[in-house]
Every structure is written in C-alpha cells, then in structure tokens.
Amino acid sequence: MSEQNSYVPPKVWTWNKASGGRFANINRPIAGPISEKELPVGRHPLQLYSLGTPNGVKVTVMLEELLALGHSGAEYDAWLIRIGEGDQFGSGFVAINPNSKIPALLDRSGPEPIRVFESGAILVHLAEKFGAFLPTEPAKRAECLSWLFWQMGAAPYLGGGFGHFYAYAPTKIEYAIDRFAMEVKRQLDVLDRRLAESEYLAGPDYTIADIAVWPWYGALAKGLLYEGGEFLSVQDYKNVQRWTDQIAQRTPVKRGRMVNRVSGDPKSQLHERHDASDFDTKTQDKVGQAT
C-alpha cells in the first residue's frame, strides 16, 4: 500500500514538517508579520504592492486601462513584492493586507490613506472611484459583479487545486489531478457557453469582469499556466479563445501584463513602474537582471 493511501489524519493537526512542493518555504499556518520592513512610497496617488501573477495582472491592467481613458488620477507606483522571498510577510505589507497576499493597494488620493486588499475589492474600488468598467444600470451591474465573483470563487480550483497538484505537488496524486482537471474543464465550459452568446462576460461591453477573469483563464486558454494546455485540451474552447485573443490585443492589457513581471522575455518585464516612460526605458532588457 502506498504512503498516500495509508495516511490516516490525526485527531488534531500540528505543523511539524514542511508541506513540500514549490511553495513549501512560504507556507505556514499562522498570520501576521515575520519581519519589520517598511514599504516604499512613491509620488503618485495610488501605491500598488504586487507581483505579475494573474491576480497582480488584474490590477495593473485596470490601472493602465484607466490611464488610457484619460483618468490622470489613476497614475500609480507599482512596487515589486517577491512572494517567493517572503516580502508579503513584512510588517509594512501586512499593515495593508493582513492576509499577506498580493496585490495590495494604498490609495493616498484623499485626506486619509485607504488600504484595499484582495484583487476583486481593488477592481471594484477603482471602478467606482473613476466611474469606469462597471455598469451603473442595476441588471448590467449585477451581471458584471456576478462574473467578477465567479472568478474569485473559481480560480482557487484552478490554481490551488489543479495547478498545485498537476505542476507543483511533490508527488503526483491521480485522484487530486482528476478531481481538479474535471472542475477546471467544467469552468472552461461555463465560460465558453457564456462567450458563445456574449462578446464579453457581462454583455457587449468590456468590464472589470473581463479584467478579472482574463489573466487566469486567458493564460490557461493559451497553455501558459502550469504547462497544462494540452492536458486540458484548451484549444477546444473556441469562444474562450476568441475572447482571449480579443482582449490580448488591447494596448493597456499589453502594458499591464509587463508590470511587476519577473519571468519570461526580458523585454516583457518591468519590475517596477513609476512613470509611463518606464515601459520604454526600464524593462529588463535595458536595465539588466540586477533589480
């Protein structure tokens, strides 16, 4: 009998060994800071502390979309939080996000700074602040928010479920991979059916629902997540493919994907963003790998 089949959970779980897998060095069962570390603050109204993961990309795309519409108040400083090195457990970051997850936003545009954490909350905060990408008519608003929160509930099955057991777990567990592959394919089918009847998720207009879902499921549709594209037959979801390609062509999306990115082509990596000109002068192919 294999070890995984013979395991019997104890009556009370205790943390007595590393969890294994890619993120074992940062996984722990307690919250709070583990070091005293202040966060840097730039000159713009919005201070973003993040990393170019799908959750981080949601916010940088949103900010670039707002700037493209002419909302100068959406200017921002994007500071790099290296989660693999535990930056999210510094006291300054925990003060903004007690959950120690990226992204975290500090809105300094008013008399008192406002902290906003969790990517969905940040998208709603920015949409309402600037009156963009969130419909105001009740039925359309409800549809948009429904798809936004669909992503919040669905993505953990994709990332923490399928992605973890397929790509990162120290052992391959057939039951776990089958369980989460089935769920992710169901989610892709949900999206594909919706996009067969609607240009964007909430209707004919591009909204924060698309901005939230695209970094996860668009990347999945192109085989960029967990090297699982062939395994999941992502090419079969034709409407998701159409929607993914359509959004990928937007200039603010191209820019947002670059911010706080630390992997891939150096030309696509802008570790920190403090000015629009940084896209032309401070990508990693120009500044090297020292950041």
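The points below take up the sheet, the helices that cover it, and an annotated span.

1. This is a predicted model, in which local features need pLDDT of at least 70 and side-chain atom pairs count only at pLDDT 80 or more, while totals for chains, interfaces and linings use all residues. Residues are numbered from 1 along each chain as its sequence is written, and side-chain values use heavy atoms, with hydrogens and water left out.

2. Four strands make up an open sheet with mixed pairing, in the order β2-β1-β3-β4, where strands are DSSP runs of E with at least two residues, helices are runs of H or I with at least four, and both are numbered from the N terminus. Two strands are taken to pair if DSSP finds at least two bridges between them. The edges are held by β2 (76-80) and β4 (114-117), each of which has a single partner strand, so one side of each lacks a neighbour in the sheet. On average, neighbouring strands are turned by 20° against each other, direction ignored.

3. Strand β3 (residues 104-107) runs antiparallel to β4 and is joined to β4 by four bridges; Ala104 has Phe117 of β4 as its bridge partner.

4. Helix α2 lies across β1 (46-50) and β2, at about 150° to β1, whereas α4 lies across β1, β3 and β4, at about 130° to β4. Axes here are lines fitted to C-alpha atoms, for helices over the stretch in contact, and angles run from 0 to 180 degrees between N-to-C directions.

5. How far apart are the axes of α2 and α4? Helix α2 (residues 54-68) packs with helix α4 (residues 119-130) at an angle of about 10°, and their axes are 9 Å apart. The two helices are therefore roughly parallel to each other, a term that applies to angles under 35 degrees. Contact (heavy atoms within 4.5 Å) involves Asn55, Lys58, Val59, Met62, Leu63 and Leu66 of α2, together with Ser119, Ile122, Leu123, Leu126, Ala127 and Phe130 of α4. By class, nine of these residues are nonpolar, two polar and one charged.

Technical notes
Angles under 35 degrees count as roughly parallel, over 145 as roughly antiparallel, 65 to 115 as roughly perpendicular and the rest as oblique. Ala, Val, Leu, Ile, Met, Phe, Trp, Tyr, Cys and Pro count as nonpolar, Asp, Glu, Lys and Arg as charged, and the others, Gly among them, as polar.
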